[in-house]
Amino acid sequence: MKRKLARNVALVTVALSVVLAGCGNNAASNKPASSSTNTGANTSTSGAGGASDGDGIKVGILHSLSGTMSISEVSVKDAEMMAIEEINASGGVLGKQLVPIVEDGASDWPTFAEKARKLISEDGVATVFGGWTSSSRKAMLPVFEELNGLLWYPVQYEGLESSPNIFYTGATTNQQIVPAVSWLLENRGTKFFLLGSDYVFPQTANKIIKEQLKAEGGELVGEEYTPLGHTDYSTLIAKIQQAKPEVIFNTLNGDSNVAFFKQLKDAGITAADMTVLSVSVAEEEIRGIGVDVLEGHLAAWNYYQTTDTPENKAFVDNYKAAYGADRVTADPIEAGYDAVYLWAAAVEKAGTTDVDAVKEAAKGLEWDAPGGKVTIDGDNQHIYKTVRIGEVQADGQFKELWNSGEPVKPDPYLETYEWAASLSSSK
């Protein structure tokens with residue numbers, strides 16, 4: 001795989017493959033400016049160039065490689081490993097090779113906290129790329145703050161958070177959920193049924209959605225939660241049929257989506273009958289669930305494999321060359337990839353891996369990412385992102401129905417929305 005990837009590094013655009021060669025200056029407009037797969041846990045790999053722990057910079061990768069969330073997280077790990085391979089092939093960071101140490105969070109939130117502590121305290125990593133669920137992030141957050149570590153979190157989430165020790169490269173609420181609800185109210189109906197997994201992200205997201213529905217003329221006709229890994233949705237689907245919603249807003253996570261969508265189809269409910277919009281089902285999940293049951297349903301993200309940029313063409317080509325022609329890219333995969341490059345650029349600008357120096361250097365960093373231009377907001381360490389709503393097609397890809405036209409400034413506490421005043425006051 002490494003030999004195949006090395007041959008394809010040359011295909012990466014200047015914005016991707018040689019970004020680090022000059023990120024200490026602004027000579028190339030596509031560079032960040034200030035205005036081999038390792039699937040096992042508890043292992044380290046030297047990456048391209050054969051760096052050893054002695055002369056490399058150790059970085060942590062912490063995702064669920066087993067358990068209910070592995071359907072989503074393994075591919076994010078793969079993208080982060082690919083970014084590390086590319087960076088190492090183009091000279092590394094500060095002249096040193098990156099040495100990834102990969103750990104398995106095992107879809108268990110206490111394990112994420114335990115592994116984060118190990119990576120920082122025992123392995124001495126310069127940063128960690130990892131997490132998916134908000135429960136995993138919130139379990140890790142106090143560890144990173146206590147030890148002054150640095151986490152790059154690559155997945156959309158419910159907002160109402162901003163930690164000085166976390167960079168959020170996935171969407172916050174005003175870059176996904178809020179615009180999706182507004183679009184649905186205008187285009188698909190006003191009667192909403194909220195369905196989610198029983199943990200912090202769906203519960204907080206739905207709390208926000210209910211306030212937005214009140215303000216924008218929507219109606220809540222049902223709200224249900226199931227445990228992560230839940231597989232029997234027959235009773236819940238009967239409740240949905242009785243409630244007769246026009247929209248199901250889906251915040252299920254992990255392989256529960258497989259069971260839900262298949263049983264929804266078995267009950268005779270298709271996308272033509274009822275709109276289901278998901279915020280945790282992307283191209284990778286379509287592979288696991290099946291396009292036959294997802295065709296016509298919707299998802300809100302900031303990136304699709306079909307996003308039309310030169311950088312994305314190179315990214316998709318290289319990802320498939322590295323991991324197989326049948327593999328797909330998706331929003332969290334791209335956000336994980338972006339995180340590695342943004343951290344590397346901040347380190348080059350700072351001239352050190354020191355956490356405080358890197359945070360300062362990261363303020364205002366810009367990059368032409370596969371999904372379009374991104375900018376790190378120096379106030380809250382989230383990034384500006386373009387919002388997109390897409391429809392699942394017969395080939396398992398998304399047709400973009402709407403986008404925000406330009407990157408949206410992150411507003412994690414929804415301070416720009418009057419109807420969210422009671423929510424943002426929890427800051």
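Predicted model: local features only at pLDDT ≥ 70, side-chain atom pairs only at ≥ 80, totals over all residues.

**Helices that cross**

Modeller: Let's start with α8 and α9, whose crossing is right-handed; that word applies when the near helix is turned clockwise from the far one by less than a right angle, and left-handed when anticlockwise. Residues are numbered from 1 along each chain as its sequence is written, and side-chain values use heavy atoms, with hydrogens and water left out.

Back to the pair: α8 covers residues 234–243 and α9 covers residues 256–266, and their axes come within 10 Å and cross at roughly 55°. An axis here is a line fitted to C-alpha atoms over the stretch in contact, and angles run from 0 to 180 degrees between N-to-C directions. The two helices are therefore oblique to each other, the word left for whatever is not roughly parallel (under 35 degrees), roughly antiparallel (over 145) or roughly perpendicular (65 to 115). On the α8 side, S234, I237 and I240 meet F260, Q263 and L264 of α9, with contact meaning heavy atoms within 4.5 Å. Sorted by class, that contact has 4 nonpolar residues, 2 polar and no charged. Nonpolar takes in Ala, Val, Leu, Ile, Met, Phe, Trp, Tyr, Cys and Pro; charged is Asp, Glu, Lys and Arg; the others, Gly among them, are polar.

Now look at α4 (residues 109–122) and α5 (residues 134–147), which pack at about 30° with their axes 8 Å apart. That makes α4 and α5 roughly parallel, therefore, and α4 passes α5 in a right-handed crossing. Among the α4 residues in this contact are W109, F112 and I120, while α5 brings in residues including M140, V143 and F144. By class, the contact of α4 with α5 has 10 nonpolar, 3 polar and 2 charged residues.

To place these pairs in the whole, the protein chain has 15 helices and 15 strands, which are DSSP runs numbered from the N terminus (helices H or I, at least four residues; strands E, at least two). Of its 427 residues, 61% are buried, meaning under 20% relative accessible area, against over 50% for exposed and in between for partly exposed (1.4 Å probe, protein chains only).
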